[in-house]
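Dear colleague,

Please read them with the model open beside you.

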Amino acid sequence: MLSIQIVIVYIFNIYTHMKNLGELLAKSWLNKTLLNLDSLEKKDIPSTRKEAFEAQNFFYQSINKKTVGWKIGAVAKEVQEEEGYDGPVPGKIFEDTFLQMNTKIDFNDIPHSNLECEYALKFLKDSKIDNDLEKNLNQIKLFTAIDITSTRYEQTSRDKFNKLVQMYLGIADHGNGGRIIIGSEITDWQKKGLNSIKIKFDINGDKSEPYFTGTKRIHPLKSLKAFIEEFKHQNIQIKANDYLLCGSLIHPYKIKRNDYIKIEYEGLNKFEIKIK
């Protein structure tokens, strides 16, 4: 009897502590403040993938915003090994974070942000997240996309943790979500050599081609498989017109105030972003 009580108390403690982190993160995003992790108890910090998702779920419940899909980062095994992660970094995306292809962004709205070029899958019908999802590719469209990742953690307090715990904290913070830009549809995408498309940058006149090649360059179908593997046992559904951002195709760029960023997906479309 005593052992059962101990287990119940343990489960309750995990529940309440992850609830604390999720609610504090939601409050930080709503109030545009930073969360100093030094102010939390050790028990509030997720130490497993399961706890990270528990905190993430409390975040969504607390922030109470409409979501329009998911994002999944760090899909490549090579990236996971380099960073010391135990899997990809998923999170939901909010409807009110979508921006136009040519846009201006207030630097204060995207603290500690990186810019990532991605592909985005768009699902045309309600579907359960299971192995059948990747069999109905005629019900999925593909777009170019920009993911501006961000966080509401005070960075020096986050940097004290090892890379694995930082990843768990990123999952708790809705997968390091920030702002999303959906570009043009890529027609006949299943027939195109998506991994060979060049991505060109012009940042304040400094031109580069920072796109990944080789095993770091993740095809959107591989991201879809990773997404399914992460959630297929959780009875979660994708809704019609939801997106899945598929992970970065480039070395992430750390955004600076007053940046003027031009991006070209060669042969597809262009983006312009002004940071003010």
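A residue is called buried under 20% relative accessible area, exposed over 50%, and partly exposed in between (1.4 Å probe, protein chains only). By that scale Glu266 is partly exposed, because its relative accessible area is 36%.

The model is predicted, so local features need pLDDT of at least 70 and side-chain atom pairs count only at pLDDT 80 or more, while totals for chains, interfaces and linings use all residues. Residues are numbered from 1 along each chain as its sequence is written, and side-chain values use heavy atoms, with hydrogens and water left out.

A search of the whole structure finds 16 salt bridges, where the term means a side-chain nitrogen of Lys or Arg within 4 Å of a carboxyl oxygen of Asp or Glu. One of them joins Glu266 to Lys200, with the closest N and O atoms 3.1 Å apart. Lys200 is itself partly exposed, at 28% relative accessibility.

Another salt bridge pairs Asp38 with Lys160, and here the closest N and O atoms are 3.0 Å apart. Asp38 is partly exposed, at 46%, whereas Lys160, at 61% relative accessibility, counts as exposed.

In the salt bridge between Glu134 and Lys225, the closest N and O atoms are 2.7 Å apart.

Asp173, by contrast, is buried and has no salt bridge, and the nearest side chain of opposite charge (Lys and Arg count as positive, Asp and Glu as negative; His and the chain ends are not counted) is that of Arg158, 5.9 Å away.
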